[in-house]
Amino acid sequence: MKNCLAFALLLIATVASAHGPLPAPPHLPSDLVRAGLTDTDTAAGGTARLCEQVSFSRGLRYGESEANVLDVATSETKAAMPRPILFFVAGDTFTGDSAAPDLVRELQDQAMCFAARNGMVGVRVDYRLAPSAQWPSGARDVAAALSWVHQNADLFNGDTREIVAVGYAAGAFHVASLLAHPELQSSDTDVAGIVLVSGIYRADKDASDSEKAYLGTDAGQYDKRSVFPGILRVDDPVLLAWAAGDPASLVAQGEALKKELCASGHCPRTTILHSRDGLASVFGLDGSADSLAEPTLQLVRQLEARGLP
């Protein structure tokens, strides 16, 4: 794993930014806290002390609900130029995560530190949950969080021209929904790349209880609340993934999205993950093979190399 991280760091280090230096950003918020993972805090095989030299700013409010908060992770190593942003929207189900909150947060922190240690800014978004918040509240919260990032990125030396939105499970649906429904977007909700992991993209009559809690019980509304056909008109590069051990219904969702995107002339890069036990495993931070670490870094390299206007 150390070799993998070293290679990832080399990828980022060798990318020449297409943008000139900007004025020094303002001071970071005063509520930054150091996060340090020890050998006993992380999974065997690879992520010991991943969060050394990474600072977190936690619980930043981006909306009116108490659930509308986000965390930002940045490297303590100063950079002369703005950094790409990995924007994480996660959630096992539409009603919340099945694992203990502390464990979920630790695994998500590791993914945030992966971003910070590889020359990016990590942003993790919390959002309102079903059943009290139903469609399209998730996509609206993602839009509000993106707007906050666009307006405040200079505080963290982030480059809003290079935001990669990473949607995980229920979060993948919320990210894809925002991109697919222009009426939910605003002028400052743009992203440059998309990573979708093990999401549902079109519910049907066999929808789970969690899906019904968010989408409603009227299956006649599911098609208009799906990501189709709007997602087929998205021009940003898409990285699509699911795990070999995912339920057959989730695998079918990913395969169907890939098929329709390819038919529309926008075929995504696809990765089949060895395991999917949280964001840490998705990026191979637990030693898992076939992770999204290298493909995501390559996507960031692609964005930096093309020099967005």
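User: At what angle do the axes of helix α3 and helix α4 cross?
Analyst: In this predicted model, helix α3 covers residues 137–152 and helix α4 covers residues 170–180. Their axes come within 8 Å, and the crossing angle is roughly 80 degrees.

User: Are α3 and α4 roughly parallel or roughly perpendicular to each other?
Analyst: Two packed helices are described by the angle between their axes and the distance between the axes. Angles from 65 to 115 degrees count as roughly perpendicular. The axes of α3 and α4 cross at roughly 80 degrees. The two helices are therefore roughly perpendicular.

User: Which residues in α4 are met by residues in α3, and how many charged residues does the contact hold?
Analyst: From α3, the residues Gly138, Ala139, Val142, Ala143 and Leu146 take part. Their partners in α4 are His174, Ser177 and Leu178. By type, the residues of this contact divide into five nonpolar and three polar, and the number of charged residues is no charged.

User: Is Ala241 buried or exposed?
Analyst: Ala241 has its place in strand β8, residues 238–243. Its relative accessible area is 1%, and the cut-off for burial is under 20%. Ala241 is therefore buried.

User: What separates the C-alpha atoms of Ala241 and Leu292, and which residues does Ala241 touch?
Analyst: Ala241 and Leu292 are 51 residues apart along the chain, and their C-alpha atoms are separated by 8.1 Å. Leaving aside residues up to four places away in sequence, Ala241 touches Leu196, Val197, Ser198, Thr271, Leu273 and Leu292.

User: How many salt bridges does the structure hold, and which residue meets Arg105 in one of them?
Analyst: The structure holds 11 salt bridges. In one of them, the side chain of Arg105 meets its partner at 3.5 Å, N to O. Arg105 lies in helix α2 (residues 101–117), and the partner lies 21 residues away in the loop between β5 (121–125) and α3. That partner is Asp126.

User: Are Arg105 and Asp126 buried or partly exposed?
Analyst: Arg105 has a relative accessible area of 30%, and Asp126 has one of 27%.

User: Which residues are linked with Arg105 and Asp126 in a network of salt bridges?
Analyst: Arg105 and Asp126 belong to a network of salt bridges.

User: How far apart in sequence are the parts that the salt bridge of Glu260 with Arg202 ties together?
Analyst: The closest N and O atoms of Glu260 and Arg202 are 3.4 Å apart. Glu260 is partly exposed at 27% relative accessibility, and Arg202 is partly exposed at 30%. Glu260 lies in helix α6 (residues 248–263) and Arg202 in the loop between β7 (193–197) and α5 (209–215), so the pair ties together parts whose separation in sequence is 58 residues.

User: Are the residues of the salt bridge between Arg276 and Asp246 buried or exposed?
Analyst: The closest N and O atoms of this pair are 2.9 Å apart. Arg276 is in the loop between β9 (269–273) and α7 (279–282), while Asp246 is in the loop between β8 and α6, 30 residues apart. At a relative accessibility of 19%, Arg276 counts as buried; Asp246, at 10%, is also buried.

User: What is the phi of Asn157, and what is that of Ser198?
Analyst: Most residues other than glycine have a negative phi. Asn157, in the loop between α3 and β6 (158–168), is buried at 13% relative accessible area. Ser198, in the loop between β7 and α5, is buried at 3%. Although neither is a glycine, phi is positive in both: about 60 degrees for Asn157 and about 50 degrees for Ser198.

Methods:
Residues numbered from 1 in each chain as written. Predicted model: local features only at pLDDT ≥ 70, side-chain atom pairs only at ≥ 80, totals over all residues. Heavy atoms only, no water. Axes fitted to C-alpha atoms, helices over the stretch in contact; angles between N-to-C directions. Helix = DSSP H or I, 4+ residues; strand = E, 2+ residues; numbered from the N terminus. Parallel < 35°, antiparallel > 145°, perpendicular 65-115°, else oblique. Contact = heavy atoms within 4.5 Å. Nonpolar A, V, L, I, M, F, W, Y, C, P; charged D, E, K, R; others polar. Buried < 20%, exposed > 50% of the residue type's maximum accessible area, 1.4 Å probe, protein only. Salt bridge = Lys/Arg side-chain N within 4 Å of Asp/Glu carboxyl O.
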